[in-house]
Amino acid sequence: MAIRLGDVVPDFTAETTQGTINFHDWKNDSWAVLFSHPRDFTPVCTTELGAVAKLKGDFDARGVKVIGLSVDPVDSHLEWEKDIEETQGEAVNFPMIADPDRDVANLYDMIHPNANDTQTVRSVFVIAPDNTLKLNITYPASTGRNFDEILRVIDSLQLTAKYSVATPANWTNGGEVIIGAAVTDEQAKEKFPEGWRAVKPYLRWVPQPKG
Ligand code: BEZ
């Protein structure tokens, strides 16, 4: 069954390139990104894993743990990681789940049979410290992901979890934000004593809150 935003994501135990993990224990109340790719030793996937390895410091800075998955076994992942380091200039520095029996893939609905009935699609799950799902995006096998966009969404999720704001289209960290629709003007006066710029009664802009 599909996992929907706000659901507690399913727990599982799996073999990874860094040993056996229990997902919720491994996550340990952090933010996490769980992402799948179709197959080892494929070109787009090779570039994706190199890209994520290069961004590890950016995920760490946000307190986000990263974990990959495909339906290949651990020894295949480990062999492929040598190629990734050689061709992408960065060693894979996060665990990769081996899911040859498709247990996790099925649990997370990562196999879309009308696209491919054996390989996982490119799923991305962003999961909050309380294990609820905050974002789910699915890309086709032929399109490599933009992991800067995943970081951008995490910035928005972490900001909007802390303050009564929402982020507009194409927002990036530091840009103006919008006072949440559920916040009345009376409440906004308390939360944003410096005031706001109202373009419409429902479209109220403030600088990005800090701290
Ligand atoms: C790739 O990573 O290049 C890829 C994997 C599966 C199908 C198509 C492309």
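Which residues are around the ligand?

Modeller: The shell around the ligand is made of P38, T42, P43, V44, C45, Q119, R122 and A141. A residue is counted here if one of its heavy atoms lies within 4 Å of the molecule. Before going further, note that this is a predicted model, in which local features need pLDDT of at least 70 and side-chain atom pairs count only at pLDDT 80 or more, while totals for chains, interfaces and linings use all residues. Residues are numbered from 1 along each chain as its sequence is written, and side-chain values use heavy atoms, with hydrogens and water left out.

By class, the shell holds 5 nonpolar, 2 polar and 1 charged residues. In this scheme Ala, Val, Leu, Ile, Met, Phe, Trp, Tyr, Cys and Pro are nonpolar, Asp, Glu, Lys and Arg are charged, and the others, Gly among them, are polar. Helix α2, residues 43–54, gives the largest share of the shell, with 3 residues. Helices (H or I, at least four residues) and strands (E, at least two) are DSSP runs, numbered from the N terminus.

Now the polar contacts, which are pairs of N or O atoms within 3.5 Å; within protein, one must be able to donate a hydrogen and the other to accept it, and residues adjacent in sequence count only if both atoms are side-chain atoms. T42 has a polar side-chain atom 3.0 Å from an oxygen atom of the ligand. R122 also uses a polar side-chain atom, at 3.1 Å from a ligand oxygen. From P43, a backbone N or O atom lies 3.3 Å from an oxygen atom of the ligand. The protein covers 78% of the 260 Å² of accessible area that the ligand has on its own; such areas come from the Shrake-Rupley method with a 1.4 Å probe, and for residues only the protein chains shown count as cover.

The rest of the chain gives the setting. The chain has 7 helices and 11 strands, and its C-alpha atoms fill a box of roughly 60 × 35 × 35 Å along the principal axes. Of its 211 residues, 46% count as buried, where buried means under 20% relative accessible area, exposed over 50%, and partly exposed in between (1.4 Å probe, protein chains only).

Aromatic rings are another feature to look at. The whole structure contains 7 aromatic pairs; rings of Phe, Tyr and Trp (its six-membered ring) pair if their centres lie within 6.5 Å, and planes under 30 degrees apart count as stacked, over 60 as edge-to-face and the rest as tilted. One of these pairs is F12 with F23, stacked at 4.8 Å centre to centre with 10° between the planes. F12 belongs to the segment before β1 (13–16) and F23 to helix α1 (residues 23–27), so this pair links distant parts of the chain, 11 residues apart. F12 counts as buried because its relative accessibility is 7%, and F23 counts as buried because its value is 0%. The rings of F23 and W26 have centres 5.9 Å apart and planes at 20°, so this pair is stacked too. F23 and W26 are 3 residues apart in helix α1, about one helical turn. W26 is buried as well, at 18%. F12, F23, W26, Y108 and F125 form one aromatic cluster.
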